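Please keep the sequence and the model in view while reading.

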Protein chains: 2
Amino acid sequence: MSQRKPRSSFSGRITLADVARHAGTSMISVSRAFRQKSLVTEELQARIFEAARTLGYVPNRAASALASARSMNIAALIPSMTNNVFTDMLAGINEVLTPRGYQVLIGSTGYSPLEEQRLLRSILEFRPDGLLITGIDHLPETWRLIETLTVPTVSLMELANRPGSYSVGLSQIDGGYAMARHLLSRGYRRIGFVAAQLDPRTMARWEGYKKALEEADLYAPSRQLLAPEKSSIRLGADLLDQMLEKSPDTDALFFCNDDLAQGALFRCQRRGIAVPGQLALAGFNDLPASAWTMPSLTTIATPRLEIGRAGAEMLLELMQGGEPKNRNQDLGFTLMSREST
Amino acid sequence: MSQRKPRSSFSGRITLADVARHAGTSMISVSRAFRQKSLVTEELQARIFEAARTLGYVPNRAASALASARSMNIAALIPSMTNNVFTDMLAGINEVLTPRGYQVLIGSTGYSPLEEQRLLRSILEFRPDGLLITGIDHLPETWRLIETLTVPTVSLMELANRPGSYSVGLSQIDGGYAMARHLLSRGYRRIGFVAAQLDPRTMARWEGYKKALEEADLYAPSRQLLAPEKSSIRLGADLLDQMLEKSPDTDALFFCNDDLAQGALFRCQRRGIAVPGQLALAGFNDLPASAWTMPSLTTIATPRLEIGRAGAEMLLELMQGGEPKNRNQDLGFTLMSREST
DNA sequence: GAGCCTTTTGGTAGCGCTATCATATAGACG
DNA sequence: CGTCTATATGATAGCGCTACCAAAAGGCTC
């Protein structure tokens, strides 16, 4: 067997062994010093960190992951990178996980369950120590993957209905119900519902709306507009026009999110429709602008940042083998009653 | 030496060796089939993929990274996760890199150069194959880290002024200049500038504004308001009040971003200030709502998605050892002249 | 059919780290 | 002062994969 020289691609890279040699100790002590698990004498630590600094040592997580079976990666799957709702949640997740040395791997599914499954499969190659996933509706194959690889998983934004699964979120149905009740209590009787995107959370809000109106005996299927397109401010404006064409006598409109509601509000300003005088408007999520528009927008504030934080905390506990007191943590919502109703 | 049994933590994990055994071939052939580099006979491929499917094999990227010195990770550092400007950019980055099997590691620096440096250090432990970083102003130590580990790097949003570095963005100074010229051409003479956050891009816009006003001999330091706080719609409203208190004769206000400008616009609606009749307003970035407010907001549209895409493409070329035709790609901007001016 | 090239497949030694065991050293005790 | 425990350090064998080299299997020419 011919003697093989080390591969060149990494030559020059500083490794644990280099630091150990420089500090006059063993690799394992350097490893321990960096993980500060088993204690290493303060004096040895000092020598090691000194050596590491002068050599410019940067640990290699791939090697660590391989040797320890802990990747320090957490996968987070969200429907969209450009929707404030999910980036707020991510900010909360990062806030908890980054200081603990975890790296969050973000996958953006584009609201497609199939794309979600594909993304999950490829992200699992990074052997995440845990998984945060948006919503509770996933393809059977997606659940199978999660279970086969036994990755601790927490669902976010909604409350799980699946035995043995964990979640942090709020009842979207209750949110929709609460808003419809609010409009009823304000005296509106011809309350319409407008939605886009039609993801599971949107449909849950619709369900809540429907329930409240049926209870009040005021449910009218003709006063609904469910558009499959991607939600946007522009679409909200257009859907307002369509709705008023279809049912001109509508006295209040509940939009499934604030983007649509803001678009409708701007269109009302432009068309000279008095809000809430002629038409009341309400949204969902409480985006930053909603408190400042003229009139300000009645909406449901969702604790997205807190959901991210609490979801990450719950995941940390699961990864340590603990069992959260509450497997399905309901963080609720707040009805923001403003000028538009 | 006592015989050691394999560690238990990974027992049950399906590895390349398992697939090879099941398919009656060697590990290296399975590896090749999955990377589809060197061709493997179609017949062997079929056997391998069949075996992989029945066993539920998922490749391990940590092992691959260690053996090949390619992590398939790309690090992306942005100032904020909750600012549309950067998430749009990230969407463009993801769009290019995800289909090629790369995982984007996102670090959110909170606009702090020191935090940026800390984050970079910890993200480099994942040995990213490339780095996308926002802006061109970084701590010396940050540049040193990048150079020491020789990570291919592209700066985004601005145009690099540093020899040997790569960038995709636009001239923020020219953007600020163009907006100020626009206001001048509209006949405004007492043009103020309002900014928050005061990051390097904000200051560059201010520089452009100042240059244009000085050229027109209309620069008045008293008509500026530079607030260090985090930018928001609410702050825009408050800064409008402050500015009008300070310089009531101002006839146009250029805000360093659309958040602030929208806040000011909403406050004007509330205070009954006619826009643009009494006061013209302009922003920067062209957020989705700006085209739909009443009046619609004059602003500078920045090609954030395209910057993300082009930056990722340039990085891919650098990682392959290529040399981009243009080291500093200027994607420009578009002045959106709307009702507010 | 010998000689030469091309294509396909295989054997094996690491990549840089940590788990596991083994050993050295220090303190406690009767 | 020997035995026993607690603490600090070290040696080494992998973790799962790919780079590197080697060899086998065809295909072609003359």
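N285(A) counts as buried, because 22 C-beta neighbours lie inside 10 Å; a residue is called buried if 20 or more other C-beta atoms lie within 10 Å of its own, exposed if 12 or fewer, and partly exposed in between, with C-beta atoms placed from the backbone. The model is predicted: local features need pLDDT of at least 70 and side-chain atom pairs count only at pLDDT 80 or more, while totals for chains, interfaces and linings use all residues. Residues are numbered from 1 along each chain as its sequence is written, and chains are lettered from A and ligands numbered from 1 in the order in which they are written.

**The loop between β9 and β10**

- N285(A) is placed in the loop between β9 and β10 of chain A; helices (H or I, at least four residues) and strands (E, at least two) are DSSP runs, numbered from the N terminus.
- Although N285(A) is not a glycine, its phi is positive, at about 115 degrees.
- D286(A) also has its place in the loop between β9 and β10 of chain A, and its phi is near 60 degrees, a positive value in a residue other than glycine.
- D286(A) is buried, with 23 other C-beta atoms within 10 Å.
- In chain B, M294(B) and P295(B) are joined by a cis peptide bond, with omega of about 0 degrees, and P295(B) is in the loop between β9 and β10 (299-301) of chain B.

**Sheets and strand pairs**

- In chain A, four strands form an open sheet in the order β7-β6-β8-β9, with parallel pairing; two strands pair if DSSP finds at least two bridges between them.
- The edges of this sheet are β7 (224-226) and β9 of chain A, each of which has a single partner strand, so one side of each is left without a neighbour in the sheet.
- From one strand to the next, the twist averages 15 degrees.
- Strand β6 (residues 191-195) and strand β8 (residues 252-255) of chain A pair in the parallel sense over four bridges, and I191(A) has A252(A) in β8(A) as its bridge partner.
- Four strands of chain B form an open sheet in the order β7-β6-β8-β9, and the pairing is parallel.
- In chain B, three bridges join strand β6 (residues 191-195) to β7(B), and the two run parallel; the bridge partner of V194(B) in β7(B) is L225(B).
- Elsewhere in chain A, four bridges join strand β3 (residues 130-134) to β4(A), which run parallel, and I133(A) has S155(A) in β4(A) as its bridge partner.
- Strand β4 (residues 153-157) of chain A is mostly covered, as five of its five residues are buried.

**Helices across the sheets**

- Helix α9 (residues 200-215) of chain A lies across β6 and β8 of chain A and runs at about 170 degrees to β6(A); axes are lines fitted to C-alpha atoms, for helices over the stretch in contact, and angles run from 0 to 180 degrees between N-to-C directions.
- Helix α8 (residues 172-185) of chain B lies across β6, β8 (252-255) and β9 of chain B, at about 165 degrees to β8(B).

**Nonpolar cores**

- F254(A) and F254(B) touch the most other members of the largest nonpolar core, which has 92 residues; such a core is a set of buried Ala, Val, Leu, Ile, Met, Phe, Trp, Tyr and Cys residues joined through C-beta atoms within 7 Å.
- Leaving aside neighbours within four places in sequence, the contacts of F254(A) include M179(A), L183(A), F193(A) and Y209(A); two residues are in contact if their C-beta atoms, placed from the backbone, lie within 7 Å.
- Another core, of 75 residues, lies apart from it, and its members include A75(A), L105(A), L120(A) and L315(B).

**Interface and symmetry**

- In the interface, 46 residues of chain A are in contact with 46 residues of chain B.
- The largest share of the side of chain A that touches chain B, six residues, comes from α5(A).
- Chain A can be laid on chain B with an RMSD of 0.1 Å by a turn of 180 degrees and a shift of 0.0 Å along the axis; the copies are superposed by least squares on the C-alpha atoms of residues with pLDDT of at least 70 in both.
- That is the relation of a two-fold axis, and in chain A the C-alpha nearest the axis, 2.3 Å from it, is that of A62(A).
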